[in-house]
Structure formats: structure tokens, C-alpha cells
Amino acid sequence: MTQPLLSYKNISKKYNQRCVLNNINLNVEPGMVIGLLGKNGAGKTTLLRSALGLITPDQGEIQVLGELSNQLSASSKQKIGYVAQQTFGYEGFKIADALALHRSFYPDWDMQLETKWLARFELNNNDAINDLSIGQRQTLALIMAMAYRPQLLILDEPVASLDPIARREFMSDLFDLALDSGSGILFSSHITSDIERVASHIALIKQGELLLLDELDVIRDTVRKVSFREPTIDLSAYKVLNRQQNCAIIYGYTGEAIVDALAINTLSLEQLFVELHG
Amino acid sequence: MMQVSKRPWYQGAVSFWLKDVGSASYFIAATITSFLCLIATGIEELITLMIMFATICMYSAIAWQSIKMQATEWQSLVVGYREHVMFQGKVFIVFSNLISILSIIIAGNINLLATLTLANLVGIIIWFLNRSFSHLFTSVCYLSFFIATLVCVLIEQLPVWLIPVNIIAYIAIALLHNNFSSAYVWRPDSLSNYRNGLQSGWSPIPSGFLSNYGSSINKGLFPLSYFVGSGLSQYLILLTLLCTIGVVINLFYNITEHVIFVLTLCLFAIVTLSLWSKIQKQNSWELLFTLPIYNSSFSAKVALSNSVLKLAILVASLCFITASALSLANPTFLIFNILSYSLACSAGVLLSFAIGNVCKNINLLSFFMCISFGLNMGLANYMFDHGNNISELIIMATYTLAMAAINRFTVRYL
Amino acid sequence: MLEFINVNPNSGDPIYKQLHEQIVRLIVGGQIAAGEELPSVRKIADHFAVNPMTVSRAIGQLVDQGWLERRRGQATRVAQKTAQHTDQQETLLFKAIDQLIQQAKQLDVPQASLAELIKKRWEL
């Protein structure tokens, strides 16, 4: 078995008595594209930041490329790419200057990728970063995070401000990275259709807890919404993710009949997301 | 493939230090004052103040950058990013110290070295505090500036024995800083501290302070107060308080000259602050235009220039009342001096805002503000000391009218 | 052939199933002939902006089920027609018919009327 690029072990974190992360276990392995799904404030950003050692969890251990996340060596840091929700750090720079400086911190910078991306997203080298739109800034941050082909790419809402075409282009590059270079990608998003397209795995986080973690296709194949009239229905064969008066979301369904069930429906990712927060 | 070592130390320095408005305002002030030190070597009182100011400003610029470091995730993730920026800062510190030492050598006064070492000591405290606590920036800077100015004004010559004491304390802090393990750690609240700092600029006043009393003033000075924020009325009230205290003390000890100097200094500092806040909110114009009170964007601009005029009249009356009250303690009532002085102050206000109207570029603005600051300070103080006849009063009146006209005229360039 | 396929990430079916089903339809319906080459997994993935793993899962299943043929070093091709293909012609309609029947029942339309209706619409 290969060593995971990133592994969270029993991670818990509290802010002012409020539990932001509760016993999270998650591994990112080469080739994986994990989509992190959750409401605002569910703890996604905290989870991502803690992988970079920016936040130290109260409990548990995070290993990144075989090292503890809060003691990353320089060579490991050069293999991690990160795009924050709000990129910040090159205010006052022109695009070309910012890239030139950023490039100088990375020995393995892919100039071709940089040029390709700048052209594709119509970023003008002479534009001041302060004048860029949010989407353009995000694109620039993506270039800065991806041009050195990191082994581990951590993206916090990377596509939220990109237009649909830019999002598609970006995703195709993501696959280049994940599949051709064997990198692992962990990204959070609200846009379920993007996750549906891109992710190989889904991690669904609700109020700091990892509710669901599996291959996307397995989730889509085995998660069902069961409607019923009698609350005595026997669902013990499955993992029940959410149960209401007359329906339940189950996980592990393999196509058999369920006694007392009125209907068994498939769910799109968006429906699943909404149902789980119902 | 690019080698890390090929990066020159100054790469990105212009963007880091001059294009970031927060750091630029300190950095430019520090640089200009540093060079002025060389010129001002003959004037003893001034050079002490300037060495102090230049050095502390430079440290403040670095402190500002270190707050920025705490706000960006890159500093902890990108290997060498923080070291690169901070190295630039250290080079600037050394550079500014070298200039100061040069001017001390020219001035030939060893006591100034005590001032310089003390300034460095205060500076490193500002810097190191801000490396760990981003929310302290404005308060720490202001406290330091205040203490430093007080030291310069109260103690004419710092004793020479302070030099080794300061140096030892400095080295001790520099060596012990490794124990402040939290330095430069990324913090979730740093970005908002940075943004707040940017918004308030040099403003030392907490945002809620005196807001109840100021609302009528702010209403009277709309739309200027809209751009400057509630700070405008707070400053004016504070200034009035300061004047009152000065007048009361003057009844017992004769400190007329000092009060006038401090009043003028505070006044133009406040004008600079207000302009700073106004520039920061330049893009709020759109909101102002959409308010149903102005027929056109031009009438909004005219309203702004009228409110500046009102502010200038307020300033003139404050100066006049204060100076008159101060004069009561004196045997002679110097009516011409007082009138010329008041006019010079209000003309200074008008000139500064006219510059603010014309300058779009923040660097250019800082530069011209520094010049007009010096000009206004010099003119006002000169008028109080020497403007004792009618011809000077007439010149000042004409000058003030000209400034009012210029301020009104330049409004179209906003 | 990619223009015949429509991927909807918001649908209830996973993307690999959508691809699988639609390619089967195209083969059974004859829109892609036996022996025809499929674009590479990468090309399909890029075209729909989906994860290549998803595409290769769909293709893999189609190969396992005998719809497609994969030879070492060559592009994937549509396999020769077998008896299974013709069976599928009808089973592929089951889902749509089931839905139709369900709706008819809900609207209280009897079986005979439904058959009649289908005939009418067919001849339009």
C-alpha cells in the first residue's frame, strides 16, 4: 500500500467551546480527487488549513507527505499547493512581477503551464493585481499553486468565482495533475455539479463531523432515499445517514427490496446534500 | 528551471513597500524624513525629532509588513517568502540608520546618537509586538510616536549613557526574540486587522469613540464626513479639548509657543489623516451619487468642496479663539499675529484638500502631502511669531482666498 | 459520436451510468457501427469535463459486457453485433415504459387507452 499524501487521524478542534472538527479521519492518496462538501461553517476551511499547519488541532495527528503538518520541512512545502478562499499577499504587484517573485521560490516551476494559463484566462501581464476581479485573482492563485506541479493540492473553494468555461478548463488541468503526475487533490466546493464531474471521492462534512467518505460512484450507487409510512421499518441492514418522520437516507443499498418501503429513490449529489441537512 | 539563489534581494521591493498603501505611508514618510535629517543638521531641535520620527516610521513600515505576513497563508507555505520580505525590511532599517548616523556625524553631536539608539529600541519593540499581535498595530505605533515626541520635546539632550543602555537592550530583544515562538504565525483574524488598519490609516482613535457627540458636526460637514468617517468629528472634539487644556495650563505657566506648535502639528496631522481616509474610500463615490440629494455628480463634488470650506472656517475660528485665549495671559494682544496665524491654518487645510482632489496616485499624494505638511507648519508658525503687521495679514487673507478658489476649482478633477 | 451523448451532473444517475447507458443506446440503435473507434478516455473526459476515471469505469464495464472491444495498443472499438444486442433493444425501453405506466395509473388512464394513445402519437 502506498503511503497517503495527506492523512488526518482523529482530528478534533474546538473554537470557544464550539466543536469545529470532531474526530475526523481522512486519507488522500495519489490520484485521488476528494471533493469536500459541506455547508458554510461546517469546518471545511479549518480542515484544509490544518493540513498546512496553519491551525493546530486540539487532538489527533495530521501527516503530510510523511511529516507532521506543523513541522513541515522546506522540501515538503515545495510539494504542496494551496489556494485560499481569499488570496492575499501580492497586493500592489503587477501580475508579471508577482509571478516572477513567486516563481523564484520554486525550483520546479512549469513555465509552459504558466504561459498557457495566462493566455487561456486572458490575464494581462501588466495588470495590477489590485485591479483584478475576484475570479481573475483566483485564477492567478491557481496558477501560483499549480505551476510547480505539487504532489498535494489543497483548494478552498477554488472555482466559486470562476465562470463555467474557466471552471471546465481548470478541471481538465486538475486531472492532468492528479492522474498524470500522481498527485492527490483535496478541494472544497459548494457547487455539487462540479464535484460530481471532478471528484473521485466525496467527503461530506456536517457540523464538524465526517458524515460520509467514499468513492463518488459508490455513494451514488448505494445511497438511497427511502420513503415509508410506518416508523417501525427495519433499516438495520444499512447505515442510516439521516432519518425523518417518513423518510430516511440510507447508505449501502445494493438493489434489494425493503419491506414496508413506499419508494426507494436515487439522489443527485445536490439532493443528497440538501436532504442530509434537512 | 530557475535556481532559488538567483533571486535578487530587492525583487518586488517596490511593490511590497511602496504600492501597499499601508506600508507606503510609513515607508515614504521615513525615507523623506531620513533624507531631510541630512539637510536639517544645523537645527538642533528639529533633527532630534526627525531622527526619532524617521526611525520609528521605518520600524512601523516593517511592523505593517509583519502584520501582512500573519494575514497571508503564503508566508508559512511558500519557502522563503517571509524571509525575503523581512530581509528587505532589515536592509531599509540599516539604510535609514546609516543616513541618521551620517547626519549625526555632520551635526557633530554625540547626544543625537542616544536619540537614534532610543528610536531603534522603541522601533524594535513596535516591530516585535506586531509580529505576534496584529491587532495592536495602531495603538502601539501611536503610543510610541507619542512617547518619542514627548521625549524629544521635554528632554533637550538625551544623556550619553543611554547609548550603551539602549544598545544592550536592543541586542537583548533581538536575541531573545527566538523565545517569542508565536512570531509571524498565521492567524485567522490578521487579515481583518490588516484591512481595518488600511481603512483607518493613521487614525489612532477607536471607531466608536465620542460618536454620540460628533454626529451633529458630521452632519454639518457632510459629504466630507461621509468620506472621512466618524473620525472627523472625533478629531475636532479632541483638538478642542487639547486647546482648552493648553489654554488652562497657559494661565499658570507660559507655554504659548508650545501650545501653538502642538496645535498646528495636530491640526495638519489630522488633515493628513482625514485625507488618507478619504482616499481609501474613493470608490464610495458611486454610493454618494446614487443618494437622492444631488442632481449630478458635479453638484456632489461641489458639495464636498463646500464642506471642506466649512471645515476650514471651523479650523480658523478654533485657531483664533485658542490663540486669543492664550494671548490673554500675555501683556499685549497680538491681533495681527493671531489673525494671520488663523488664516494660515485654514489656508493649509484648503491646500491639503486641493492636493487630495488632484492626486489620484497614492504615492504622489504621500509625497505632496509631506511637502504641504512642512509648508503649512512653517507658514503657520512663522505667522504667529512674525506676522505682526497689516501687510502680512492682507497677504495671508489673499493667500487664503486663493486657496479656497483653488480648492473649489480642483474639485472637477476628483 | 460524442455529440450524441449528453452528460448531466445534476441528474439522479451517476455520470458513469449515464455514459454507459447512452453508449449502449447508440450501439443498439446503430448510430455507432460495429468496428467504429471510440475517442480516447482522455478526449471523452475533456469533452464532458468529467473525471477520466469515471469515463474509464464506464468504458471498462462496456468492455466487460461485450459491447466494446479493447486490444492492446489499439483504440477501443465497438464489438460485432451479437444476440444480446437485439435483446437489449427492448429492455432499454423498460425504464421509460415503466415511468409511463406509472403516470398513466396515477392519472387513472386504463391500459387500453394508453395503448391507443401510443399508437396515435406514433403516427403523428
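How many residues of chain A are in contact with chain B, and how many of chain B with chain A? In this predicted model, the contact involves 22 residues of chain A and 24 residues of chain B. On the side of chain A that touches chain B, at least two residues each are supplied by α2 (74-77), β6 (80-83) and α3 (95-104) of chain A, and the largest share, four residues, comes from α3(A). By residue class, this side of chain A comprises 12 nonpolar, five polar and five charged residues.

Strand β6 of chain A, which contributes to the side that touches chain B, also belongs to an open sheet of six strands with mixed pairing, in which the order is β6-β7-β8-β3-β9-β10 (chain A). Because β6 and β10 (209-215) of chain A stand at the edges and have a single partner strand each, one side of each is left without a neighbour in the sheet. From one strand to the next, the twist averages 15°. Within the sheet, strand β7 (residues 152-156) of chain A runs parallel to strand β8 (residues 184-189) of chain A and is joined to it by five bridges, with A:D156 standing opposite A:S188 in β8(A). Helix α5 (residues 134-146) of chain A packs on this sheet, where it touches β6 and β7 of chain A, and its direction makes about 170° with that of β6(A).

For chain C, an unreviewed UniProt entry lists residues 13-81 as "domain: HTH gntR-type". In the model, the span of residues 13-81 of chain C is 51% helix and 6% strand, and its end C-alpha atoms lie 27 Å apart.

Notes: Residues are numbered from 1 along each chain as its sequence is written. Chains are lettered from A and ligands numbered from 1 in the order in which they are written. This is a predicted model: local features need pLDDT of at least 70, side-chain atom pairs count only at pLDDT 80 or more; totals for chains, interfaces and linings use all residues. Two residues are in contact if their C-beta atoms, placed from the backbone, lie within 7 Å. Ala, Val, Leu, Ile, Met, Phe, Trp, Tyr, Cys and Pro count as nonpolar, Asp, Glu, Lys and Arg as charged, and the others, Gly among them, as polar. UniProt positions are given in the numbering used here, feature names are shortened, and annotations may be inferred rather than shown by experiment. Two strands pair if DSSP finds at least two bridges between them. Axes are lines fitted to C-alpha atoms, for helices over the stretch in contact, and angles run from 0 to 180 degrees between N-to-C directions.
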